[in-house]
Amino acid sequence: MSTEVYRDAWGIPHLRAGSPHELAFAQGRNAATDRAWQLEVERHRVRGTTAAFLGAEAVGWDRFARQARLEDTARRCFRSLDADTAAWVTAYVDGVNAGLAAGASRAPQFAATGLTPGHWEPWTPLGVWLSTHILFAGFPTKLWREEVARRLGDEAIELFATDGPGTSGSNGWLVAGERTATGAAVIAGDPHRFIEDPGVYQQIHLACPEYDVVGLAVPGVPGLAHFGHTGGVAWAITNAMADYQDLYRERLRRGAGADEVEALGPDGWRPATRHVETIEVANGDPVQVEIIETERGPVIVGGPEHTEGPDGTAEPEGAGRAISLRYPPRVRGELGFGALPALLRARTVADVDRAFDQWAEPVNVVQAADTEGGLLHRVAGAVPLRHRDNRLRAVPAWEAGHEWHGWHEPPREPVDGYAVMANQRGLAGPLGVEFAPPHRAARIGELLAASADWSAGDMAAIHTDTHLASARRLVDLLGEVSGLGPDAARLRDRLLRWDRRMDADSTDAAAYAAVRSAVVRRLAAHPDLSGLADPAAFAYPYPHLFWPWLALLPRVAFALETLLTTESLPGIDRAEVARSALEEVAAEQAAAGSDAAPVTWGELHRLAPWQALPDEPAEEWPGLSGDHDCVLSTMSVPGATDLSARGPAARYVWDLARREDSLWVVPFGASGVPGDAHHRDQLPLWVRGGLAPVITDWNDLIEERHDD
């Protein structure tokens, strides 16, 4: 087996091999060399074994991973692969196993936790993909809607209709050649995810006699599923915000035998599968987990012993309350991995289109363009056909009519000059319930319409736009407030003059954020919403893993525009809420004294990445521009924290005129090894909105090794 490994100035790997399988092996080995700790954390996440080295805080995820049957589902999906794709994935896994020991020797996290590198199985990459995306469609939002309807009535569900705190989105735009300086298309964007260190995307260049592709890989998964450029064709995705996972309210009871459990379905009581697993916990006692699966799917909430809710209501016949999860990969045994090698071989938009016909999970909006002028704008993924109620809330398992009966035909649209995808209701509208507010998409469209001479280098100005259109409703409300003290009146007048840009060096943006947070806290504390304040008092014993979707404060924060204008909550005096928020923030500023330097948004709005093993001592991360509804979407949780845990996990610009004019950046760097020169060398570039050139000429690279 002959492979060549090169690096560019940013340490980005460029791999060249004699065949696709040799290249897959090289990609796996490189991932293990550069990202051993990250890969092993992901492998353990699939299996629900992270608590064994991360401790008790990881038990919640491990419990869910086991109850949702992630490992078993990944095994099923691997068995359904065609022989060629299975062999290609296996070659990648062989490469991971070949590189893990060397990679682990460079990563201090292994010694810090006592973890030793394990063994990857052929199905493991499918499990990594599944565990990374199982919460992507935000099925816990249905639990939230259940509680809103129970406390406030069915009509109140729409009050909080916005993309939830656990979902991920993206910006993406395709500019046709008629609106570019070169006459060839440009594709650009940035996937918004929880920012992880090491990053969830790895810049990479993969070449063999059959193809030569640059793109963003997910460490632990072969190929380039989401973002790639073959020279002849390029593609990119965003989250379609489709609803394709269902929750069922189950009634469970113990059977005659010790291991028997029954579930009530439309045809009466039916056997469910059941077994017990043990979660080992570092520095703690083992935890026993009962695994139950009904004909609908795995039980992820409750069980046979949960016979009564907190309000004293009980199920008939002493049955236990539970909720099961039904999701397409478990039902179909497919993730769509057959698309991955097909994408690498793509030469035209038609090739990309055919490849994504195989796609299943997650459901994405795809954009593609080729050097022949072809353009593509479509949805890809598996969305079941079923009753509308399934899409809104958890439905009763014992009632007929909630079955799945086929799959939606993914919609598509022509491209007229440019196309924008930013998780808004639009192309994927028939497939979803809640979408992102339209602000990002509208702003990108506004910026693109202003020119017909776009170049790849121009795209950074769109990536980094900080205009906050969603501020309008709150600022308008502030303008209507009267009876203010002098300091609060000056603050109000200052915000009325504000340019509504969330720039890191803006003191006005910081003042707006402070007032917004005060408004959110007051709304969340209002008696009309008090019944939604404590997830522990909800109808089911929801695991803490789901509490971010069930917490009232973030729900109020992200639905603020609606809550400031709705007539459905007449008991809330919004003018008084705004007045008291202004007075509170003005008093805090006055207490700081006239000599105190005004606080900027970047001093408050700092990066807060997720790390499986946080740095010791804690690191002070840089301040950021942007906000949730800006094109530069760096999300905080108003009312709770100004720190940003979610934002652009990468930025890319694919130029179809000359691939070497393409650009990219990730939040940290090519290496996942602390202390490596390329561990965080891209962070300053990412913070200021810069982009690095995509290098494709092998003569401009440094050869690292040549293995036979």
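Helices and strands are DSSP runs, numbered from the N terminus. In this predicted model, the protein chain has 23 helices and 24 strands. Its radius of gyration is 26 Å, close to the 27 Å that the globule rule gives for 708 residues, so the chain is as compact as a globular protein of that length. Along the principal axes, the C-alpha atoms fill a box of roughly 75 × 70 × 50 Å. Buried residues account for 62% of the 708 residues. Of the contacts between residues at least 6 apart in sequence, 70% join residues at least 24 apart.

The largest pocket has a volume of about 1,500 Å³. Its lining comprises 44 residues. R45, F194, E196, L545 and W610 lie nearest the centre of the pocket. Several elements each supply at least two lining residues: α1 (20-47), α3 (59-67), α7 (124-133), β4 (186-194), α18 (547-550), β19 (635-637) and β20 (641-648). Helix α1 gives the most, with 4 residues. By class, the lining divides into 28 nonpolar, 11 polar and 5 charged residues.

R659 was examined separately. This residue is in the loop between β21 (651-655) and β22 (663-665). The relative accessible area of R659 is 13%. Buried means under 20%, so R659 is buried. A polar atom of the R659 side chain lies 3.0 Å from the backbone oxygen of H229. Neighbours within four places in sequence aside, R659 is in contact with H205, D212, V213, V214, H229, T230, G231, V694 and T696.

Note on methods: Residues numbered from 1 in each chain as written. Predicted model: local features only at pLDDT ≥ 70, side-chain atom pairs only at ≥ 80, totals over all residues. Heavy atoms only, no water. Buried < 20%, exposed > 50% of the residue type's maximum accessible area, 1.4 Å probe, protein only. Polar contact = N/O pair within 3.5 Å; in protein donor to acceptor, adjacent residues only side chain to side chain. Contact = heavy atoms within 4.5 Å. 1 Å grid on protein atoms, 1.4 Å probe; cavity = no way out; pocket = protein on both sides within 12 Å on 5 of 7 lines; lining within 4 Å. Points joined across faces, edges and corners; volume = space filled by probe spheres on them. Nonpolar A, V, L, I, M, F, W, Y, C, P; charged D, E, K, R; others polar. Rg over C-alpha atoms; globule rule 2.2 N^0.38 Å.
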